[in-house]
Amino acid sequence: MDSRNASLKPFVIFCAMIASLGAFNSGVNTSALNIPGNNVRYCPGVAPGVVTYYPNSPLPQCVPMSDWIWGVATGMFAVGGLLGAMSNGYMSNKFGRRDSMIMMNVNFFIGAILLSLATTSAQFAIGRIFVGIGSGFMTCVIGIYIAEISPPKYRGALIAVLQLFTTLGILIIELITLGLNSAVGWRIAVIITLAPAIIQMVVLPFCPRSPRWLIGQNRVDEARVEFLRLRNGDIESEFNDMILGITKSGEHDKEAGHIDKDSANGVENSIDKAEAAEEAEGQLNLLKVFTIPVLAALCIKFFVLHGLSQLTGINAIMYYSTSIFELSFGDDAKYVTVGVAALNVVITVVGLALVDRLGRKTLLLISTAGMCIFCVIMTIGMKFNIGGLQVVCIMLYVSFFAVGYGMIPFIVTSECFPTYAVGAASSACLAINWLCNFVIGLIFPTLLAACGPYVFLIFAGLSLIAFFFILIFIPETKRKTIDEIGRQLGWFGINVSQYVDKRR
């Protein structure tokens with residue numbers, strides 16, 4: 001049986017889960033300070049701004065910060081995410097998807113040490129930058145790695161594990177910090193990030209390197225060995241199709257029909273492995289990717305998709321939800337916040353089950369339509385000060401975001417680019433995602449003050465724009481191999497050197 005139609009190996013699920021520990025860590029660092037945040041800024045039993053110290057310790061119990069400084073310091077996480085995303089192209093292409101993940105875990109160690117021992121707001125902000133770098137890098141490279149090791153039938157659901165683990169990280173750290181809402185607890189909360197980092201660094205070496213990346217590095221025999229670990233059934237057709245898609249002139253080679261006896265298994269290959277190795281494309285940087293018209297157009301589409309995923313207001317909703325919950329539930333608001341995190345996990349599981357059935361595009365359209373509707377209703381709830389309606393809108397908005405827009409941009413980005421361009425393209429897409437995340441966090445309080453309840457009409461309008469943009473420009477990729485997607489989008493078999501050499 002062809003490997004593309006064979007059953008899924010449990011080992012592939014294991015590899016996807018271990019890789020997704022990086023996304024789990026991103027979720028942990030996103031919400032580690034949501035509940036104990038006030039304990040970071042205010043020492044217990046004294047006036048704001050007064051510093052007290054732990055018994056027999058030089059460490060202060062808090063790091064006093066004004067609202068503005070606190071916003072900047074915590075926002076440095078998004079700045080770090082931007083830097084991490086920008087580093088993805090070089091790191092994942094130079095060292096490989098798997099090995100670069102192992103290496104970049106060092107950022108979580110540095111960040112955890114700086115945060116847990118913070119004595120000044122500057123040290124705290126730098127610590128947030130480092131955990132942000134690790135988080136930004138992981139959200140980029142995990143999707144690429146899982147896409148490159150997964151069978152086409154299951155690829156969407158397996159890449160969605162990335163977002164599932166992110167939401168699990170948020171939920172678990174919020175449950176833990178319910179018991180760490182104290183002067184000592186916040187320092188423990190910021191060091192928890194070490195646990196998933198250590199597990200991933202220990203276990204990930206037992207997972208295979210990406211076969212597609214290995215072919216791109218002219219290591220075809222090693223790629224075959226790793227591919228055998230990831231597939232049931234006969235791998236020859238899928239493996240050779242992969243080689244054809246990565247070589248400079250795959251279509252020409254396919255027509256020529258080179259035949260070679262593989263000494264390892266005695267079956268006929270449709271392409272000479274040595275020739276494929278010689279012709280395998282190097283990894284392109286973003287400037288070189290933009291010299292290829294079909295890839296440049298694809299990049300622009302995905303830049304818009306990722307930018308709108310943040311500009312449609314998810315972080316603004318989450319930012320405002322804390323004060324909404326406090327007005328409606330008082331001291332119990334923290335439990336409602338945990339409830340939203342749990343809902344996010346449940347709906348992400350629903351999306352994971354649907355992504356390879358309904359398809360990526362259908363879920364994105366459902367997602368953006370729901371987000372638009374509940375932003376409009378949120379405006380009504382805020383205008384007439386209906387607390388219950390606002391809470392319901394937040395819950396439903398988060399649900400619609402989680403089922404589609406929260407995870408699918410990561411899936412389609414890792415699916416729609418050739419191996420030699422996916423590192424640079426994903427890096428740029430996620431950099432835009434993190435940049436828009438930072439911008440929304442920075443300007444939303446000002447927008448809220450200026451527009452009042454009507455601020456959510458801006459997000460409703462952007463959600464509507466996202467709906468029509470997806471309808472017109474985003475392709476459906478469910479249950480297709482990366483090379484089939486390449487044929488659909490027009491980049492399969494193109495002679496890359498024809499474009500790159502022309503512009504040197």
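The dialogue below works through several computed features of a predicted model.

Q: Which conventions apply to the model and its numbering?
A: The model is predicted, so local features need pLDDT of at least 70 and side-chain atom pairs count only at pLDDT 80 or more, while totals for chains, interfaces and linings use all residues. Residues are numbered from 1 along each chain as its sequence is written, and side-chain values use heavy atoms, with hydrogens and water left out.

Q: How many helices and strands does the protein chain have?
A: Helices (H or I, at least four residues) and strands (E, at least two) are DSSP runs numbered from the N terminus; by that reading the protein chain has 26 helices and two strands. The radius of gyration, taken over C-alpha atoms, is set against a globule rule of 2.2 Å times the number of residues to the power 0.38. For 504 residues that rule gives 23 Å, and the protein chain comes close to it at 24 Å, so it is as compact as a globular protein of that length.

Q: What share of the residues counts as buried?
A: Buried means under 20% relative accessible area, exposed over 50% and partly exposed in between, with a 1.4 Å probe and protein chains only. Of the 504 residues of the protein chain, 58% fall in the buried class. One of the buried residues is T177, at 0% relative accessibility, which lies in helix α8 (residues 155–177).

Q: Which residues does T177 touch?
A: A contact means heavy atoms within 4.5 Å. Leaving aside residues up to four places away in sequence, T177 touches A32, I35, P36 and A189. Across the protein chain, 79% of the contacts with a separation of 6 or more come from residues 24 or more positions apart.

Q: How is a pair of aromatic rings described?
A: Such a pair is described by the distance of the centres and the angle of the planes. Rings of Phe, Tyr and Trp (its six-membered ring) pair if their centres lie within 6.5 Å, and planes under 30 degrees apart count as stacked, over 60 as edge-to-face and the rest as tilted. The structure holds 15 aromatic pairs; among them is the tilted pair of F469 and F473, with 5.0 Å centre to centre and 40 degrees between the planes. Being four residues apart in helix α24 (residues 455–473), F469 and F473 are separated by about one helical turn. F469 counts as buried at 14% relative accessibility, whereas F473, at 39%, counts as partly exposed.
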